[in-house]
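Here is a walk through one protein chain, written for someone with the model open on screen.

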Amino acid sequence: MKNVHDIIIRPIITERSMSEAENKKYAFQVAPDANKIEIRRAVEEIFGVEVESVNTLNVRGKKKRMGVHIGRRPDTKKAVVRLTRKSKAIEFFEGMV
């Protein structure tokens, strides 16, 4: 079994994700091989909240140039986690809204 801190890599802090935090939806960058059940358990264990649903999406890396050399950013995976109505909010996001 994977460590929960290996599944959740970092929170995604954008204007859109902060506006969704009011509806108890939070976005995280997660390990590319993590599934929805593992993500749910990791968020519940790390933050002590109840998760209602998990939506995931794979994000392809953009092509970037450095002079004549062409490369790519790595592919990533995002998870949007929705908490239950009776669950408390995640404290990490509270000061940013």
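## The hairpin

E4 and E5 make a hairpin with two residues between them, and Gly-67 in that turn has a positive phi of about 75 degrees. Strand E4 covers residues 63-66 and strand E5 residues 69-72; the two run antiparallel and are joined by four bridges. Within this pair, Lys-64 sits opposite Gly-71 in E5. Strands here (E, at least two residues) and helices (H or I, at least four) are DSSP runs, numbered from the N terminus, and two strands pair if DSSP finds at least two bridges between them.

A word on the model: it is predicted, so local features need pLDDT of at least 70 and side-chain atom pairs count only at pLDDT 80 or more, while totals for chains, interfaces and linings use all residues. Residues are numbered from 1 along each chain as its sequence is written, and side-chain values use heavy atoms, with hydrogens and water left out.

## The sheet and the helix across it

Now for the open sheet: four strands in the order E1-E2-E6-E3, paired antiparallel. Strand E1 (8-11) and E3 stand at the edges with a single partner strand each, so one side of each has no neighbour in the sheet. From one strand to the next, the twist averages 30 degrees. In general, strands of a sheet pair through backbone hydrogen bonds, either parallel or antiparallel.

E3 and E6 run antiparallel and are joined by eight bridges. Val-51 is the residue opposite Leu-83 in E6. H3 lies across E1, E2, E3 and E6, and runs at about 120 degrees to E3. Angles run from 0 to 180 degrees between N-to-C directions, with axes fitted to C-alpha atoms, for helices over the stretch in contact; contact means heavy atoms within 4.5 Å.

## The nonpolar core

How many residues does the largest nonpolar core have? The number is 20, and those with the most contacts inside it are Ile-8, Phe-28, Ile-39, Val-43, Val-81, Leu-83 and Ile-90. Helix H1 (4-7), strand E2 (25-30), helix H3 (36-47), strand E3 (51-59) and strand E6 (76-83) each supply at least two residues of this core. H3 gives the most, with four residues.

A nonpolar core is a set of buried Ala, Val, Leu, Ile, Met, Phe, Trp, Tyr and Cys residues joined through side-chain atoms within 4.5 Å. Buried means under 20% relative accessible area, exposed over 50%, and partly exposed in between (1.4 Å probe, protein chains only).

## Residues around E2

Gln-29 lies in strand E2. Is Gln-29 buried or exposed? With a relative accessible area of 14%, Gln-29 is buried. Leaving aside neighbours within four places in sequence, Gln-29 is in contact with Ile-7, Ile-8, Ile-9, Arg-10, Ile-12, Thr-76 and Lys-77.

Lys-24 lies in the loop between H2 and E2, and its phi is near 60 degrees, a positive value in a residue other than glycine. Arg-16 is in helix H2 (residues 15-20) and counts as exposed because its relative accessibility is 70%. Arg-16 and Ala-27 are 11 residues apart in sequence and 9.7 Å apart in space, C-alpha to C-alpha.

## The salt bridge

Counting a side-chain nitrogen of Lys or Arg within 4 Å of a carboxyl oxygen of Asp or Glu as a salt bridge, the total comes to one. The partners are Asp-75 and Arg-72, with the closest N and O atoms 2.9 Å apart. Asp-75 counts as partly exposed, at 46% relative accessibility, and Arg-72 is partly exposed at 46% too.
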